Amino acid sequence: MTTFQKVHALLFHLLLSALLPLKITASPRTEAEAIVKWKNSLSPPLPPSLNSSWSLTNLANLCNWDAIVCDNTNTTVSEINLSGANLTGTLTGLDFASLPNLTQLNLNGNNFGGSIPSAIGNLSKLTFLDLGRNLFEDILPYELGQLRELQHLSFYYNNLNGTIPYHLMNLPKVSYLDFGSNYFTSPPDWSKYSGMPSLTFLALDSNKFTAEFPRFIMQCHNLTCLDISQNQWNGTIPESLYSNLARLEYLYLTNCSLQGKLSPNLSMLSNLKELDLSNNFLNSTIPSELGLCTNLTFLSLAVNRLTGPFPMSLANLAKISELGLSDNSFSGQLSPSLISNWTQLTSLQVQNNTFKGKIPPQIGLLKKISLLYLYNNLFSGSIPVEIGNLKEMVQLDISQNQFSGQIPSTLGNLTNIQVMNLFSNELSGTIPMDIGNLTSLQIFDVNTNNLYGELPKTITQLTVLRYFSVFTNNFNGSIPREFGKSNPALIHIYLSNNSFSGELPPDLCSDGNLTVLAVNNNSFSGPLPKSLRNCSSLTRVRLDNNHFTGNITDAFGVLPNLVFISLSRNQLVGELSPEWGECVNLTQMDMGSNKLSGKFPTELSKLNQLRYLSLQSNEFIGNIPPEYGNLNKLFMFNLSGNYLSGELPKTFGRLAQLNNLDLSNNNFSGSIPRELSDCGRLLSLNLSHNNLSGEIPYELGNLFSLQIVLDLSSNSLSGALPRNLEKLASLEILNVSHNHLSGTIPQSFSSMRSLLSIDFSYNNLSGTIPTGGVFQTATAEAFVRNNGLCGEVKGLTCPKVSSPDKSGGVNEKHGVGKRWKVHISDLLKATDNFNDKYCIGKGGFGSVYRAQLLTGEVVAVKRLTITDSDEIPAVNRQSFENEIKSLTGVRHRNIIKLYGFCSWRGQMFLVYEHVERGSLGKVLYGEEGKLKLSFGVVVLEIMMGKHPGEMLSRLSFNRDLSSMEETEMLLKDVLDQRLPTPTGQLAEAVVFTVTKALACTRVAPESRPIMRSVAQELSATRQAYLSGTSDDPSDHLKTEDPI
């Protein structure tokens, strides 16, 4: 080598040396400086011991610093253990290069955050690294793959994300690897990840892994514990897992979205001690080969889709301690041979399946069991008395089955039991007195059975009892007076739906822990317990449907946690205290059907969480405070059946969440607030039986959600029905009856397709009733007492008023070339439902009204004085109608024109030509001296052969001369002289007819007979011309008699 070559080689060596990192020689000072510098970067406060010992002034005692361990030479730091120190900070400030001899770094259970520095790869001697239970985030640095001495590595429970660097798979000595509870995701390709020959523990649980099952796992042949649960692996369990991982003792695959069948190859995992396949979609029976895993102590197949009975091979699992098979579709019975071999069981959970049959008495062999869940199956028969042998039992739940018979007294032997759920069965008999022995009992629930009798007094011995539920049984009698006082831990009491009586124990809430008290639907009586007043822990109170009495004014104080209270259907008196306004969490308040009185306190408006308020059927008075409009979460508001008065608050429009508003049966007055239309979620509105007046606001038609009912009946509302109501397309019940509404029912109402019930009765409505929708099936009762309504409704006709033509129609010629046509609805509208102001005369036959039609023509309408035209026999009514039809065709200069007639809704009407001459008397005896219109005048003219005006005038004059002798006038002299004098029965008929005709022409209208009487008597003469029973002397006239 030449000199030049030697020099060149030397320079290259020096340059290479300069580029390589210098190897730092560890010294106590450099290590101490690195540690103190890191300490100073952490967020205060620091543990006192750490603060005092980690100091450069204490450099001589470095190996004695808190959490610091030195190596065997006691000259260099080898371990830092700060687990559970509650430190906050990052690793950025720690100079890893200054700690080259560090073998263990344990920061588990702190609040370290930020990224994990890549410089951590400089800790080449590190064997133990635990950064679990912190707040580290970001991705893992691939430099971790340089820690070739590492054996234990944990990142459990952080916020790390991204993919796991495949470089970590090259760590040859790692036996424990925990990536659980982070946000790691699957790499695009698992093929870069190789098996780890030393690995015995691998946890990938609770991350964001998806799709393909990691293949590298099957190459980790020494695994004894594998936890990859709480991911979305999908698919099935690879069969290679069973053959490649035969050393597995713990396998956790819960909640992995696994599908398919349970493999018989499970038997290859004969070393398994714990197997958890719960919360997947496995859908097969249990393979009998599972019984070969005889080392199993924990087996959970819960929450899958497994079916069928248990294979008898499971009897081989003699070491099983915890068995969870709940929430599947297992069936069949629990075999005695299975139960008798599972004597090591401490927990048996088979709830939510379809097991049936009796529980075998061998259940008494499970003397180590502390938890037995058999609920929600089809088990039947009696509860085995042998259960009383299970003295280690802590929780027993056999609810929601079909168990019958009595509760065995042997349950009193379970002195360690804390939970006993027997509800929803068919148990009968009484609660055993031995229940008092269960001094550890915290929860006792036997609701919904057939139990009866009184509650045993021994329940007062259950001093740690927190939850007591016996609702929906047949219990009776009183509650032990010391109950509650002797049970200071009581939180929930459910006594509802029984036949309990007497008073409630006075000290139910003496210790202020009670949160729920439900005693509704019993026969309790007397005052409310005084201990409730200051029971501030109460959240839910149900005392409804009992016989409680007494004054509630001061029965309840400020209950800040109360959410629900119902006192309805009792006999309570008193007023609502303003203190209710301080129960700020109250969402439901029901005090209906009592005898409460006084005014509503304004303070209730402060209950801004209130959603349900019912104070109906009491004796409250006064106005509704307008501040109640601030209850903006209210959806049910019922104040019906009180004595409330005043106007409805316009502030109700603020109740935007309101679904149901019932203010019926009060004394409210004034108009309906238009602001109610702002309650856009209203389903039901009932304002009936008040004194509301004015028009129905058309804005109510904007309550598009109104569905159940709109009831405005029994008020004093007037005006027309708003057509806008047609927009209530979901409304089922509409009631506006018993008001003063006028106008027509809008035809568009027939488009309200959801309507099931309508009522327009007792108003002043007129016109034609709509024909579509609910109107097609409505009956006359929905329209009665309107007078002006008619239509195609069952029991209600809408006739046309005029003379029928030959074809049965209602048209008649009127004037040259003119058709005259009018409906009863036109007459009703023209007379405002026959209002007295249109009446122009009254007589014994009825009242006459002036009616100006829409055409401008004026007619006279006589409404006959007949309570019900149906009372006239059909044959007589037909005869009357035929005669009236004949009269419509009569043309006589002295007879007022009859246009037509009708019979409608039990009444009869005649329509005449109107003569502007004042009263009927003036028409009969007016300026021209001619009589018109009267039925009697027509009959007399026929009988006399001439107009009877002169004769009637003489008769009228003679009647007025009360002090003078009347001039005699013989009947035979006034009859038509052109005809022979009648004799016999014909003479009697003539006398009778003339007598009735004269009666119909009496000057005083009230003295004229009603037409109904005339029609009936004329009809009767066809059978017997003269009855001879009348008290009227004129009825006994003969042709020779004077008139």
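Start with Arg215 and Asp189. Their side chains meet in a salt bridge, at 3.7 Å from N to O. By salt bridge I mean a side-chain nitrogen of Lys or Arg within 4 Å of a carboxyl oxygen of Asp or Glu. This pair links distant parts of the chain, 26 residues apart. Arg215 sits in the loop between β12 (201-203) and β13 (225-227). Asp189 sits in the loop between β11 (183-184) and β12.

Before going on, two remarks on the source. This is a predicted model, where local features need pLDDT of at least 70 and side-chain atom pairs count only at pLDDT 80 or more, while totals for chains, interfaces and linings use all residues. Residues are numbered from 1 along each chain as its sequence is written, and side-chain values use heavy atoms, with hydrogens and water left out.

Back to the pair. The cut-offs: buried is under 20% relative accessible area, exposed is over 50%, and partly exposed lies in between, with a 1.4 Å probe and protein chains only.

Which residue joins Asp189 and Arg215 in a network? It is Glu212: Asp189, Glu212 and Arg215 are linked in a network of salt bridges. As a general point, side chains of opposite charge can pair when their charged atoms come close.

How many salt bridges are there in the whole structure? The search finds 11. I will show two others.

Next, Arg533 and Glu579. Here the closest N and O atoms are 3.4 Å apart, and the two residues form a salt bridge. Arg533 lies in the loop between β37 (523-526) and β38 (540-542). Glu579 lies in the loop between β41 (573-574) and β42 (588-590). The pair therefore ties together parts that are 46 residues apart in sequence. Arg533 has a relative accessibility of 25%, so it counts as partly exposed. Glu579, at 27%, is partly exposed as well.

Arg29 and Glu33 meet through their side chains in a salt bridge, 3.5 Å from N to O. Both lie in helix α2 (residues 28-41). They are 4 residues apart, about one turn of the helix. Arg29 counts as partly exposed because its relative accessibility is 43%. For Glu33 the figure is 36%, so Glu33 is partly exposed.

On to the cysteines. How many disulfides does the search find? The answer is 2 across the whole structure. A disulfide here is a pair of cysteine sulfur atoms within 2.5 Å.

One joins Cys63 to Cys70, with S to S at 2.0 Å. The angle about the S-S bond is -95 degrees, and the link is left-handed. Cys63 and Cys70 are both buried.

The other joins Cys509 to Cys535, with S to S at 1.8 Å. This link is right-handed, with 70 degrees about the S-S bond. It connects distant parts of the chain, 26 residues apart. Cys509 is in the loop between β35 (499-502) and β36 (516-518), and Cys535 is in the loop between β37 and β38.

Cys293 has 0% relative accessibility, so it counts as buried. Cys839 has 21% and therefore counts as partly exposed.

Last, the backbone. Most residues other than glycine have a negative phi, and most peptide bonds are trans.

Pro44 and Pro45 are joined by a cis peptide bond, with omega about 0 degrees. Pro45 is in the loop between α2 and α3 (48-53).

Asn234 is not a glycine, yet it has a positive phi of about 60 degrees. It is found in the loop between β13 and α4 (239-244).

At 32% relative accessibility, Asn545 counts as partly exposed.

Note on methods: Helices (H or I, at least four residues) and strands (E, at least two) are DSSP runs, numbered from the N terminus.
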